[in-house]
Amino acid sequence: MTKPTKYSLAAIALVVIALLGGYFGAGLRGQAASANGTAEGAWIDTIKKNGELRVGVATSPPMTVEKDGQLGGPNLIPLQRLADELGVKLTTVPASWGNIVSGLQANRYDVAANLNSTLQRAVAIQFSDTVYDYPAVFLVPASSPFKTAEDVLAAKQPVASPAGTAEGAAAKKAGADVLEVPDWTNAFQSLQAGRVTSIFADLATAEVQAQQDKSFKIIVPEHPIYQGAAAYGLPANIDPRSKDLVDLAIYNAQISGDLDRAYEEVGYVTVDKLGDLKK
């Protein structure tokens, strides 16, 4: 056998070995991914098999609300569209802001709705693309002497915010004396009763209260204390293909105008259109 022939055979052998190595390596990687629950489409396949998309919901009107014993709101629209496309039922599961992440980790639901994307939470779970973003604001009595966020913080008087919220954590970091309460209803009751001088809340939540009760006004911090990005909390091990489908459901709800129409129906306006709601 001539040298060129030997070299040619050797080269062919190396190519075959490389191809076989790639094939078996890919197979092993696929098996490992499957074992970890991260095979492509595994999350979606599980939802289809179960026949339902379970969504953990902590109320934060008007984006997530409870009405006549049913949980709903504009924030659930992309998830309802996803459930419809998959041919499954959307099932809401009650949660609180203090336990909504742990509930997702414990597999009590498949998605956590209306959840702010924070680094602290991202250590434990994944996040979808942003559904909507907003500034956090102070809600104060119209008669309050406070005119700016700096006035509120300088007073060193109690500010209400539900335990477990990103807004509450940001207010603490800014130096506020935060009274942690179970939910937004308790926060409003604390403000009405005079136990706190203000509430630090997401814009949508503050708007609802100011629209319903003209004796309250909104203070928008000139220098943002917290800028929220409301997304969906997803399991830490969700596979990329399934996450892409969740993100696509959000994108389609945005570009179709479904979300904008839903926001308009519940009276949500952006911060530049607050009008007389602003102090």
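Trainee: What should I know before I start?

Mentor: This is a predicted model, where local features need pLDDT of at least 70 and side-chain atom pairs count only at pLDDT 80 or more, while totals for chains, interfaces and linings use all residues. Residues are numbered from 1 along each chain as its sequence is written, and side-chain values use heavy atoms, with hydrogens and water left out.

Trainee: How many helices and strands are in the protein chain?

Mentor: Helices (H or I, at least four residues) and strands (E, at least two) are DSSP runs, numbered from the N terminus. Here the protein chain has 11 helices and 12 strands.

Trainee: What share of the residues is buried?

Mentor: Buried means under 20% relative accessible area, with a 1.4 Å probe and protein chains only. Of the 279 residues in the protein chain, 45% are buried.

Trainee: How do I read a pair of aromatic rings?

Mentor: Such a pair is described by the distance of the centres and the angle of the planes. Rings of Phe, Tyr and Trp (its six-membered ring) pair if their centres lie within 6.5 Å; planes under 30 degrees apart count as stacked, over 60 as edge-to-face and the rest as tilted. By this rule there are five aromatic pairs. Take Tyr132 and Tyr263: their ring centres are 6.0 Å apart and their planes stand at 65°, so this pair is edge-to-face. Tyr132 belongs to strand β7 (residues 132–141) and Tyr263 to helix α11 (residues 258–265), so the pair links distant parts of the chain, 131 residues apart. Tyr132 is buried, with a relative accessible area of 9%, and Tyr263 is buried with a value of 9%.

Trainee: Which pair is tilted?

Mentor: Phe138 and Phe200 have ring centres 4.7 Å apart and planes at 45°, so they form a tilted pair. Phe138 lies in strand β7 and Phe200 in strand β10 (residues 198–202), so parts 62 residues apart in sequence are tied together. Both Phe138 and Phe200 are buried.

Trainee: Which residues do ring pairs link into a cluster?

Mentor: Tyr132, Tyr134, Tyr263 and Tyr268.

Trainee: Which residues are buried in helix α8?

Mentor: In α8 (residues 184–192), they are Trp184, Ala187, Phe188, Ser190 and Leu191. Seen down the axis of α8, the buried residues fall within an arc of 160° and so line one face of the helix; the arc is that of the directions from the helix axis to the C-beta atoms.

Trainee: And what follows α8?

Mentor: Gly194 follows α8, and its phi is positive, near 80°.

Notes: Buried means under 20% relative accessible area, exposed over 50%, partly exposed in between (1.4 Å probe, protein chains only).
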